[in-house]
Amino acid sequence: MSKTTEKTAEFIDNGYPALDASKAIEYVNSVAEKGVEQSKEVYAKFTAGSETTQKALESSFEAAKAVGADLSLKTIAVLRANADAGFSHFEALLAVRSPSEFVELQTAFVRKQVEKAVEQAKELQAVTTKAVEDVSKPIKSAFEKAVKEFKVA
């Protein structure tokens, strides 16, 4: 046997006075228990965060569905109004008797359609802005809550 092996065997036989096996086992157990508790806490927070995120996404999708339907109806109404105006104008053009009457009718129609287009664009913009706010509100709230909790922790 070598000198190192002999010294190690002698050290083991004599024991290490500062090392108490029962205390070492207790320490390892307490560290393991703390690890398990911390893992449980992290899992609980993760689960709660996941549920909050899922609810926010569901709310956001429901809002998107409702707002999408509203936006579609508004767009259809705009298209219908423009088509009706076009057909009415075409009927009026069929009754024209002179070039000056044609120019007058056409000028009035274009002016009215431009004014109507501006008004319709404002309405669609308002609906779209509200849609974006309604869809993003649940996710924004969940994010702000998560940031607030993160700052507390």
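Tutor: Let us look closely at H89, a residue that lies in helix α2. Please keep in mind from the start that this is a predicted model, so every value below is computed from predicted coordinates.

The side chain of H89 makes a polar contact with the side chain of Q106, at 2.7 Å. Q106 is also one of the residues that H89 touches once its neighbours within four places in sequence are left aside, and the others are L105 and F109. H89 has a relative accessibility of 9%, and because buried means under 20%, this residue counts as buried. Buried residues make up 8% of the 153 residues in the protein.

For a contrast in helix α2, which covers residues 21-94, turn to Y27. With a relative accessibility of 57%, Y27 counts as exposed, because the cut-off for that word is over 50%. Together with V28 and V31, Y27 forms a nonpolar patch on the surface, and the accessible area of these residues together is about 310 Å². For the protein as a whole, the accessible surface comes to about 12,800 Å², and 63% of that surface belongs to carbon and sulfur atoms.

Now consider the wider arrangement. The protein has three helices and zero strands, and from the N terminus on its elements run α-α-α. Among the contacts in the protein with a separation of 6 or more, 74% are between residues 24 or more positions apart.

Helix α3, which spans residues 99-152, has the highest confidence, at a mean of 88, whereas helix α1, residues 3-14, has the lowest, at a mean of 58. Where pLDDT is low, predicted coordinates should not be read in detail. Across the protein the average pLDDT is 83, and 85% of the residues score at least 70.

Helix α3 also holds both D134 and K130, which are four residues apart, or about one turn of the helix. D134 forms a salt bridge with K130, in which the closest N and O atoms are 2.7 Å apart, and the count of salt bridges comes to one.

Note on methods:
Residues are numbered from 1 along each chain as its sequence is written. This is a predicted model: local features need pLDDT of at least 70, side-chain atom pairs count only at pLDDT 80 or more; totals for chains, interfaces and linings use all residues. Side-chain values use heavy atoms; hydrogens and water are left out. Patches are made of residues with over 30% relative accessible area and no salt bridge: like charges are joined within 9 Å, nonpolar side chains (Val, Leu, Ile, Met, Phe, Trp, Tyr) within 5 Å. Accessible areas come from the Shrake-Rupley method with a 1.4 Å probe; for residues, only the protein chains shown count as cover. A salt bridge is a side-chain nitrogen of Lys or Arg within 4 Å of a carboxyl oxygen of Asp or Glu. Helices (H or I, at least four residues) and strands (E, at least two) are DSSP runs, numbered from the N terminus. Buried means under 20% relative accessible area, exposed over 50%, partly exposed in between (1.4 Å probe, protein chains only). A polar contact is a pair of N or O atoms within 3.5 Å; within protein, one must be able to donate a hydrogen and the other to accept it, and residues adjacent in sequence count only if both atoms are side-chain atoms. Contact means heavy atoms within 4.5 Å. pLDDT is the predictor's confidence in each residue, from 0 to 100.
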